[in-house]
Amino acid sequence: MILITGQELREIAPKLKATRAAEIAALHNKIAPTYGIDTLDEFEEFLANVTQESGEYEHKSEDLYYRPERLAEIWPSTFSETKRRPYIPNDNARKYARNPVALGNFKYGGKYGNRPGTNDGYDYRGAGFIGLTFRSTFEAYQKYLNKKNGTTATVEQVTAMVRTTDLYALDSAYWFFSVLKGLNDEAERDEWRKIVKAINGGFIGIEDREKYLARVKKVFARKQP
C-alpha cells in the first residue's frame, strides 16, 4: 500500500533530502498498515503530528542541554523566579543548565517506573519520532515489540533501537499513537484537537502542528479519487 511517496513527504517536510524522504516514506508505507492505519483519512493526523514532533524526522532523542534562560522559559514553575514573562532563571536553572544527565534525573527521576537513585531519568528521556518517555513506557513498548516480532530484546536494547534507527523511531511513534493512546478512531473521525491533546498534553504550539496538517491536507487533496 502506498500512502505517501518520497516527493510528497518532501512537500510536507521540506528539510528532508530526496533520498531520506524516500526512505522515510517507504517506512511509513510498510509500518502504517500493521497498526491499522490504512486510509489517508486516518493517516493525515498521525503524519502531521509525527512530522512536527520529530522536527521533520531529525530528532530521535531528547537533548536536555539548555542554557539557564531557556530552562526558565520552558519550565517556569521549576526554573524561573517569575511565573510570567520576562522569565528570570532561578538557582535550579543555574544548577541544571548545560548538564543533561543531572537535568534528566531531576525532571524524570523516580516517576513512572524510573528507579530512584539511578540514571533512569536521563536514560529514559524522550526517544523516537514521537518521544517515548519514562521506563514504564519503554517497558510497555518492549513487551509489545517482542510479542510482535517473536524476540527477547531487553528494555535497554529496545530503547537504544528507538534512539538510533529510523525503523524503530517510527515504529514506536505508531505504537504510541495507535496502541498506547488508541487514537485510530479519533483519526478516522478527524478529531484533531483531541488527538493533539492526547499526544502533547495540551495545546501549546498547536499552530506549528496545524502548519503541518495544512501541508498534509494539500498533498492528500491531490490523491483523492
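Tutor: Let's start with what counts as a helix: a DSSP run of H or I with at least four residues, numbered from the N terminus. In this predicted model, R98 is found in the loop between α6 and α7, the latter covering 100–108.

Student: What makes R98 partly exposed?

Tutor: The relative accessibility of R98 is 45%. Buried needs under 20% and exposed needs over 50%, with partly exposed in between. The 45% of R98 falls between those limits, so R98 counts as partly exposed.

Student: And what is the phi of R98?

Tutor: R98 has a positive phi of about 60 degrees, although R98 is not a glycine. Most residues other than glycine have a negative phi. F134 also has a positive value, near 85 degrees, and isn't a glycine either.

Student: Where is F134, and why is F134 called buried?

Tutor: F134 is in the loop between α8 (120–123) and α9 (135–149). The relative accessible area of F134 is 16%, which is under 20%, so F134 is buried.

Student: How do you know that the peptide bond joining R85 and P86 is cis?

Tutor: Look at omega: for the bond joining R85 and P86, omega is about -5 degrees, and the bond is cis. Most peptide bonds are trans. P86 itself lies in the loop between α5 and α6, and N90 is found in that loop between α5 (76–79) and α6 (91–96) too.

Student: Is N90 buried or exposed, and how do you know?

Tutor: N90 has 13% relative accessibility; that is under 20%, so N90 counts as buried. Leaving aside neighbours within four places in sequence, N90 is in contact with T78, F79, S80 and E81.

Student: What about N49 and K218? Which is buried and which is exposed?

Tutor: N49, found in helix α3, sits at 0% relative accessibility, which is under 20%, so N49 is buried. K218, in helix α14 (residues 206–221), has a relative accessible area of 62%, which is over 50%, so K218 is exposed.

Student: What makes the link between N49 and R209 a polar contact?

Tutor: The side chains of N49 and R209 make that contact at 2.8 Å, and the cut-off for the N or O atoms is within 3.5 Å. N49 touches W192, I195, V196 and I199 as well as R209, not counting residues up to four places away in sequence.

Note on methods:
Residues are numbered from 1 along each chain as its sequence is written. This is a predicted model: local features need pLDDT of at least 70, side-chain atom pairs count only at pLDDT 80 or more; totals for chains, interfaces and linings use all residues. Side-chain values use heavy atoms; hydrogens and water are left out. Helices (H or I, at least four residues) and strands (E, at least two) are DSSP runs, numbered from the N terminus. Buried means under 20% relative accessible area, exposed over 50%, partly exposed in between (1.4 Å probe, protein chains only). A polar contact is a pair of N or O atoms within 3.5 Å; within protein, one must be able to donate a hydrogen and the other to accept it, and residues adjacent in sequence count only if both atoms are side-chain atoms. Contact means heavy atoms within 4.5 Å.
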